[in-house]
Amino acid sequence: MALISLESTKESAKKVKNLLLLIDPYPENNPYRINPKEMQAIWFPKLSLPVIASRTPLTWDVRIVDESRTIVRKDLIDEVIKERGAENLFVGISTQMTCYTPRAYEIADQFRARGIKVCMGGTHATYMSEETKQHADVVVKFEADDIWHNIIADFERGSLQPFYEMGAYPTMENYVHPRIDLLPNGSYMTNQCLQTTRGCHFDCEFCSVSPFNGKSSRRRSIDDIIAEIQRIKEWRRNQLVEQMIEGPVWHRIGTGLRILTGIEDGTIFAFVDDLHNSNRDYCKKLWTALKEMNIKWGAQCTLFLGNEPDMVKLAAESGCVAMFVGLESINQDVLTEMNKGFNQDKRYEDQIKCFHDHGIMVNPGIIFGSDADDESVFENTVEFLIKCRVELAYINISTPLPGTALFERLKTEGRIFDWNWANYDGKHVVYHPKRMTPEVLQEGFFWANRQFFSIPSILTRMSSTRRRLVSRWVMNWRFRQLIQRTCPQGRLAPLAKTLKKLCVELPSIDTGHLIPNALNAVKSSVKEATIQIDRFLKMKVKKHEGLTTLLIDLEGTLDRVNVAEVKKRILKAARKAKMDIVINFEHLKYAAPEAISALLDWKPLHRLAPAVRVKVMNLKNSFRETVDHLSLAGLEITREDLS
């Protein structure tokens, strides 16, 4: 009997399967950590680890540990080593989020200290591979789909290499459905995530998507997407049935309430593509096919999809209820700087309205702190978002993530002062902005989040429609709780109000004796120059990079009526800001000679703010004939000012 028992034990030992333990790090002490209730309302999981799980041979066991739900502690490590043995355990850790990489390193070091082989991959590991290698046995660069089987085979042979890198981007033709069944159940807004495309043909300076996933779009077969959706629907409905008939009473009641309110009914899907609408014809075919699936879905798309009402209508008919859009900024200069000129700030309101008209929630991403931003950006942006009744907004601080052009530029310019990766979360200032101090940017970020998720703001933004009222309220309320817990009150710099009051549009009433801008006349036909008279004057202001000068751009028509208001606002700004003023005439289309003369008379300023000087740019080039005939006697105008 002893021999039989011994043989049985040996046979049992032989059957121990290798275990792949995949870990998504999330620091427990992160000040912005989302609690379970908030996560169920506003968050969905990343697919990188479920994709790796799907590529792992069936001869292996696979587990996913998401630290948003389960923290990797010593007892968990001890338990899994005891269960499988160090030789049968392989650990994979994601570094897709740079801000969670220090936590990833902590976990990796703990496993390696126990003799466990650790593999790390993701965006940060790709671009900081030598750093990552100090904490891992294996570093995977870029997408791992086509090379994961090689890594597994090398582990089994005991011949792991220090670095693995794809030879080319994997196609989506033989896409293996991610193992979302391995994700913790009931932890997210929805587990039902899938990918239809990878890559992005845009090249935004702040973004790592196109460098990491490629600058072209790879698309899956629509038939395969539909098959995956059908499979997930059946799987999720079985789960809901089990939840309704098993477990504690309160859990069953909670599930029922979530189904009744539409928060959870087994039909809510998230397409986690970085650019879902990368191809119009593909989207048209996909969305048409989705009509038959009876699902609700959300995705990430460009805001200019709102220029095509027929496509937005089709998306809504196919079940689209929400779109995350990379709005980023309401300042065209910032968008140009980001290499995102395809966003047109003048069209934002109409584009957002188009989505809303078809019942689709708009959740924009906002970035503060670009080189063209100054103190006025916070209040102007929040007012715009509330005015447009956007449902949610993801407000962040510009962050130079490794792998992005922004990182390389700010690093070269020597402007990065914080190298603690934990602070690269879009919530901390880690570099020196150009037109404000780091402290002003940080405080403005706090203020904007508090204001956007204030009760008056939520009520105003929710008043636009009754569609999905409960779910929209729950998401806003959970976001508000998160912001209240994590963001201090914040305050705007005193200069912010001054800058805001300078940005104004004034009516132009007196159109007699107007002189056209000579520079504009060269650019357009004589007919256009003499007929198209703007009935407004727009003032735009930005602080100079040196932080000591305000540059005011005049656009439209300057006449005898609005010049008084212009001077009044400039006088107040000069007195409060105590900064020199530069007025740019280049973009002013028309001006009355007497208005120019009045604008150049700054005697009142010398009495109110003797240390402040007003200078002008492009006056003579723009209005040469007028300036030549103006009486400048007594005015402090230099040749430099006139040029």
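## A loop residue to start from

At 60% relative accessibility, Asn294 counts as exposed, where exposed means over 50% relative accessible area, buried under 20% and partly exposed in between (1.4 Å probe, protein chains only). Asn294 sits in the loop between H12 and strand E11 (296-301). Helices (H or I, at least four residues) and strands (E, at least two) are DSSP runs, numbered from the N terminus. Asn294 is not a glycine, yet its phi is positive, about 55°. Most residues other than glycine have a negative phi.

Asn618 also has a positive phi, near 60°, and is a residue other than glycine. Asn618 is placed in the loop between strand E21 (614-617) and helix H27 (619-622). Asn618 counts as buried, at 17% relative accessibility.

## Basis of the model

This is a predicted model, in which local features need pLDDT of at least 70 and side-chain atom pairs count only at pLDDT 80 or more, while totals for chains, interfaces and linings use all residues. Residues are numbered from 1 along each chain as its sequence is written, and side-chain values use heavy atoms, with hydrogens and water left out.

## The chain as a whole

The protein chain has 29 helices and 21 strands. Its C-alpha atoms fill a box of roughly 120 × 50 × 45 Å along the principal axes. Of the 643 residues in the protein chain, 53% are buried. Contact here means heavy atoms within 4.5 Å. Among contacts in the protein chain with a separation of 6 or more, 76% are between residues 24 or more positions apart.

## Helix H12 and its partners

Helix H12 (residues 280-290) and helix H13 (residues 309-317) have axes that come within 9 Å and cross at roughly 30°. Axes are lines fitted to C-alpha atoms, for helices over the stretch in contact, and angles run from 0 to 180 degrees between N-to-C directions. The crossing of H12 and H13 is left-handed; this term applies if the near helix is turned anticlockwise from the far one by less than a right angle, and right-handed applies if clockwise. On the H12 side the contact is made by Arg280, Cys283, Lys284, Trp287 and Thr288, and on the H13 side by Asp310, Met311, Leu314 and Ala315. These residues divide into five nonpolar, one polar and three charged. In this scheme Ala, Val, Leu, Ile, Met, Phe, Trp, Tyr, Cys and Pro count as nonpolar, Asp, Glu, Lys and Arg as charged, and the others, Gly among them, as polar.

H12 also packs with helix H10 (residues 222-245), at an angle of about 35° and with the axes 10 Å apart. The crossing of H10 and H12 is right-handed. H10 contributes Ile222, Ile225, Ile226 and Ile229 to the contact, and H12 contributes Tyr282, Lys285, Leu286, Ala289 and Leu290. By class, the contact of H10 with H12 has eight nonpolar residues, no polar ones and one charged.

## The largest pocket

The largest pocket holds about 1200 Å³ of space. On a 1 Å grid over the protein atoms alone, a pocket is an open set of points with protein on both sides within 12 Å along at least five of seven lines, a cavity is a set where a 1.4 Å probe fits but cannot get out, and lining residues have an atom within 4 Å of a point. Grid points are joined across faces, edges and corners, and a volume is the space filled by probe spheres set on the points.

The largest pocket is lined by 31 residues, and Ile330, Asn331, Asp345, Cys503 and Lys540 lie nearest its centre. Elements giving two or more residues to this lining include helix H14 (332-337), helix H15 (348-357) and strand E17 (536-543). The lining divides into ten nonpolar, six polar and 15 charged residues.

## Cavities

There are four cavities of 30 Å³ or more. The second largest cavity has about 90 Å³ of space. It is lined by 14 residues, of which Glu205, Glu337, Ser370, Ser398 and Leu406 are the closest to its centre. Helix H17 (residues 405-412) gives the largest share of this lining, three residues. The lining has six nonpolar, three polar and five charged residues.

Asn562 lies in helix H24 (residues 562-577) and is buried, with a relative accessible area of 2%. Not counting residues up to four places away in sequence, Asn562 touches Leu506, Pro507, Ser508, Leu537 and Thr557.

Ser457 is in helix H19 (residues 455-462) and counts as buried at 3% relative accessibility. Leaving aside neighbours within four places in sequence, Ser457 is in contact with Ile386, Gln451 and Phe452.
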